[in-house]
Amino acid sequence: MTPSFSLPPEAATPRLHVARRTLDRLRTVPALAARYADHADVRTLGQLAALPTLVKDDLNTALAHLEPAAEHSATWLFQSGGSTGAPKVGYAPTGFYMAGVHAHWQPLDRADVFVNAWGAGRMWGAHFLAAALADLSGCRIIALGSVAKAEYGDWLAFLAARRVTAIGGTPSVLRLWFAHARATGIQLPTLRKVLWLGEAWQAQLADDLAAVAPQARRWGMFGSTETWVVGTNTPDCPADTFHPLPDQLVHVGPDGLLDFTTLNPEMLNPVLRYRTGDAGELTTCPCGRPDPAMRVHGRRDSVVQVRGLGLDVDELIARVEREPGVARAQLVITQQGGRAGGLDILLLTVPGAAPDTERLRKELLAATFTLSTAFQHDPGSFRVRPVDELISNGRTGKTAALVVREES
Ligand SMILES: [Zn+2]
């Protein structure tokens, strides 16, 4: 039988005192106290699995009341969300728990020259946690942060000259870097490691990497601003499969959704059956490590309603991205009073390519039942057009497959 917890009872149970303390903290939050009234204690995994789950809004309510502070170090405030919802605050102590990550996962070593390409500032955590990991590894660090499109060429030449061996960033941002390098013929032959966090890995990125930096392999982290790093993987693991850290207890609910409970007594955010919205399963990783790994299936919000019909965003985007000359695609729904007025597919094209957008538009209309039916009377409201840049979160560089805009 597949286990539903990432740790066996003999490993997890002695550490549930951390979950009990988190439960006691959550009980002091007036808006949450009632939901925990029937849950007296957490001494077994069964009792833990019976607790109500928390989502981002609950955690924000709890943090507003608790205002956590680190006991022996500074307390950092970060913002989470903003890609798909209103920004929320999360906390972390000095070091961002990365000593615990580094003890189990060492993608970098002293010989590396590491480019930290996660955006710094604006209260996003990724740049700082990657910096803490690189610091622990003792490598050389180039703190690059966000770079505008016009600067890619100069920076890539600099990075090639510095013989960089490692780079880290959000896959959407890395994809822009490597697509540019590939299109302009820049090679990074010394690059061996690509660290990523913040979104799912992207197949197109792997294609561009193979052309630009044939020796490069991916090293992934999975987590959120609420949980911090939950799990990591290596080039031998599938890109969607991560090994949970021993301080993170991962549980798969009967509905297939993942929830996370911290077993780290230093954790400032009250993470107790916290749901990021990701679905997944516990599995055995083909890399050969015997501990249970989690396979992340992604969020369950791929299907949106367009004029009362379900449209699978990921499926449509994948179809468009198979089109020659298309580097990346994004779906934009413009709503008026909750009704989809128009639907645009934005295309980021490969430099020099000019895809036939009218042919593609007609093909998509003919092949997608939702589109042909929803836009039967006003097919002109469904458009496909090339753009210079897709719509992305300026803070994190994350680029969602779907953007919904409300028009007044
Ligand atoms: Zn593995």
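Strand β7 (residues 217–224) and strand β8 (residues 228–232) run antiparallel and are joined by 4 bridges. Strands here are DSSP runs of E with at least two residues, and helices are runs of H or I with at least four residues, numbered from the N terminus. Two strands count as paired if DSSP finds at least two bridges between them. Within this pair, M221 stands opposite T232 in β8.

The model is predicted: local features need pLDDT of at least 70, side-chain atom pairs count only at pLDDT 80 or more, and totals for chains, interfaces and linings use all residues. Residue numbers start from 1 along each chain as its sequence is written.

Now step back to the sheet around this pair. β7 and β8 belong to an open sheet of 9 strands. Its order is β4-β3-β5-β6-β7-β8-β9-β13-β12, and the pairing is mixed. The edge strands are β4 and β12 (278–284), each of which pairs on one side only. On average, neighbouring strands are turned by 30 degrees against each other, direction ignored. Axes for such angles are lines fitted to C-alpha atoms, for helices over the stretch in contact; angles run from 0 to 180 degrees between N-to-C directions.

Look next at the β4 end of this sheet. Strand β3 (residues 113–116) pairs with strand β4 (residues 140–143) in the parallel sense, over 4 bridges. V115 stands opposite I142 in β4. How does the chain get from β3 to β4, and what is the handedness of the crossover? It passes through helix α6 (residues 126–137), and this β-α-β crossover is right-handed. Right-handed has a set meaning: with the strands pointing away from the viewer, the path from the first strand over the helix to the second runs clockwise. β3 also runs parallel to strand β5 (residues 166–169), joined by 3 bridges. There, F114 stands opposite A166 in β5.

A further sheet has 4 strands. It is open, with the order β18-β17-β16-β19 and mixed pairing. The edge strands are β18 (382–386) and β19 (402–406), and each pairs on one side only. From one strand to the next, the twist averages 25 degrees. Strands β16 (residues 326–336) and β17 (residues 339–349) pair in the antiparallel sense over 10 bridges. In this pairing V326 stands opposite T349 in β17. Helix α10 (residues 313–321) packs on the sheet and touches β16, β17 and β19. The direction of α10 makes about 140 degrees with that of β16. Contact means that the C-beta atoms of two residues, placed from the backbone, lie within 7 Å.

The domain assignment gives domain 1 (78–299) and domain 2 (303–406). These bounds come from an automatic or database assignment. The domain centres, taken over C-alpha atoms, are separated by 28 Å. Their contact takes 16 residues from domain 1 and 13 residues from domain 2. Which element gives the largest share of the domain 1 side? Helix α8 (residues 171–183) does, with 5 residues.

Finally, the whole chain. It has 12 helices and 19 strands. Its radius of gyration is 22 Å, close to the 22 Å of the globule rule for 408 residues, so the chain is as compact as a globular protein of that length. The radius is taken over C-alpha atoms, and the rule is 2.2 Å times the number of residues to the power 0.38. Along the principal axes, the C-alpha atoms fill a box of roughly 60 × 55 × 40 Å. Of the contacts with a separation of 6 or more, 65% join residues 24 or more positions apart.
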